[in-house]
Amino acid sequence: MNKRTFIKLSSALMTAPLFTPLTGWANTDKLKNWAGNLEYSTQKLDQAKNLAQVQDIVKKYPKLKVLGTKHCFNNIADTKDQFISLVNAEEQMVLDEKNKTVTVNSGMKYGQLSPYLHQKGFALHNLASLPHISVAGACATATHGSGDKNGSLATAVSGMEIVTAAGDVMQLSRKKDGEKFNAAVVNLGALGVVTKVTLDIVPTFMMGQFVYENLPLNQLKDNFEKIESSGYSVSLFTNWQSNDITEVWVKQKIEDGKPLKAEKEFFGAKLATKNLHPIPELSAENCTEQMGVSGPWYERMPHFKMGFTPSSGVELQSEFFVPRKNAVDAIMAISKLGSQVGPHLLTSEIRTIAADNFWMSPCYKQDSVAIHFTWKQEWDAVSKLLPVIERELAPYNVRPHWGKLFSVSPDLLAKRYVKMEEFKELAQEMDPKGKFRNDFLNLNIFRVRKINRPFGE
């Protein structure tokens, strides 16, 4: 289904008296994730317009999962039973200028929220590569942007409204709920249906970005800290098949309206003379403006424009977090696998993320570096490479991105997430009958049974 048809159908749903069941969106369509590598296990989906409808839907079904913008590459959001979606709920943006927060409906996309905030004189501290993802979905999986001092998108959350398994409404806040709040923000969809999210905001700002080409790997090894601290946000792209980092994206704040200036050489890399795509073979038309051109924060922090199809679409993704102190060793370990991983890659990205306090976050209590892989849609090959990569990173207690492809065993996950047992206890308390559990949670969190999911089919 194309975007126009989707919007037309969604608009029609808004006029429904309560909630409208959607079966496969249309008779001829199958419900799939964004990349198309995963066909969901049911076509049953109810669209909720407001809080009352969410409560009604939650009470109606014994088993239920929330489906957001469908950008996860594994079955973390899948179910054989029933979906609920809040992506097209009534738009809510409540700005509290005094306390510097904004409260939004959970299904809102960052690309919808950001222009509104900028117009009102505010900004978010961080954004992901794609602005097309929903607020609640991004926070639930600890999705992140980049920056030495920037925590994941979830670190902006200061309050949440959740509909529990019983259909009751629970309010949680950073100020009042302490560790329960820290458990609930990165919730993996296990605790309930998040209906509203309150985010901390900062004064708006302008940014520019420069891209450098062919950074020698030995320069990265010797100067990693200086390179990563050279901008507000820095991303490194490589295919691991040469001794160079193919592209370095340096995003900088513009202070006092002064234009940015870039050196022609950056630790041996050369300043690009045109806009580039992270996948060098692709056109940069869909990418955010480069060459130091000034623009609002939300048009520079993401790599891709909201109004275009992000990245390449037909791909697989995996991502692995290691402690910041082990970054160089981990990068060098992966570089030795270049001849194995390179032929199956579109690109690989390296980013830094600041520590947070969320129990199920890969960055819990540790500054981290994420090594991301955007794969060709070759699941047979990728499924064999994931254990190889994870073995190389095992000495650093690697943690995978929850919404991407990995093969780390449930037993190892339990060892690497020191709060997992407490998280399970909270999930049992909030959802005693397992309404929101699915195969992914049963395997990776509750360790109930082994699931063999053909993600690549």
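A residue counts as buried when its relative accessible area is under 20%. In this predicted model, glutamine 366 has a relative accessible area of 18% and is therefore buried. Glutamine 366 sits in a loop, the one between strand S19 (345-353) and strand S20 (368-375). Its contacts, apart from neighbours within four places in sequence, are Val322, Pro323, Ala354, Ala355 and Arg399.

The nonpolar interior was examined next. In soluble globular proteins, nonpolar side chains tend to be buried together. Here the largest nonpolar core has 107 residues. Within this core, Trp297, Met360, Trp375 and Trp402 have the most contacts. Helix H9 supplies the largest share of the core, with seven residues. A second core is separate and has twelve residues, including Val54, Tyr61, Leu86 and Val193.

Leaving aside neighbours within four places in sequence, tryptophan 375 touches Glu315, Leu316, Gln317 and Ser318, among others. Its contacts also include Val341, His344, Leu345 and Leu346. Val382, Leu385, Leu386 and Ile389 are in contact with tryptophan 375 as well.

Helix H9 (residues 379-393) also meets helix H7 (residues 327-335). Their axes come within 9 Å and cross at roughly 145 degrees. The crossing is right-handed. H7 contributes Ala330, Ala333 and Ile334 to the contact, and H9 contributes Ile389, Glu392 and Leu393. Five of these residues are nonpolar, none is polar and one is charged.

An open sheet was found elsewhere in the chain. Five strands form this sheet in the order S5-S6-S10-S8-S9, with antiparallel pairing. Strand S5 (93-96) and S9 stand at the edges. Each has a single partner strand, so one side of each lacks a neighbour in the sheet. On average, neighbouring strands are turned by 15 degrees against each other, direction ignored. S8 and strand S10 (residues 193-200) run antiparallel and are joined by six bridges. Valine 157 has leucine 199 in S10 as its bridge partner.

Helix H5 (residues 174-184) lies across S8, S9 and S10. H5 runs at about 105 degrees to S9. Phe181, Asn182, Ala183 and Ala184 of H5 are buried. The buried residues of H5 pack against strand S8 (157-163), strand S9 (169-173) and helix H11 (420-430).

Notes. Residues are numbered from 1 along each chain as its sequence is written. This is a predicted model: local features need pLDDT of at least 70, side-chain atom pairs count only at pLDDT 80 or more; totals for chains, interfaces and linings use all residues. Side-chain values use heavy atoms; hydrogens and water are left out. Axes are lines fitted to C-alpha atoms, for helices over the stretch in contact, and angles run from 0 to 180 degrees between N-to-C directions. Helices (H or I, at least four residues) and strands (E, at least two) are DSSP runs, numbered from the N terminus. A crossing is left-handed if the near helix is turned anticlockwise from the far one by less than a right angle, and right-handed if clockwise. Contact means heavy atoms within 4.5 Å. Ala, Val, Leu, Ile, Met, Phe, Trp, Tyr, Cys and Pro count as nonpolar, Asp, Glu, Lys and Arg as charged, and the others, Gly among them, as polar. Buried means under 20% relative accessible area, exposed over 50%, partly exposed in between (1.4 Å probe, protein chains only). A nonpolar core is a set of buried Ala, Val, Leu, Ile, Met, Phe, Trp, Tyr and Cys residues joined through side-chain atoms within 4.5 Å. Two strands pair if DSSP finds at least two bridges between them.
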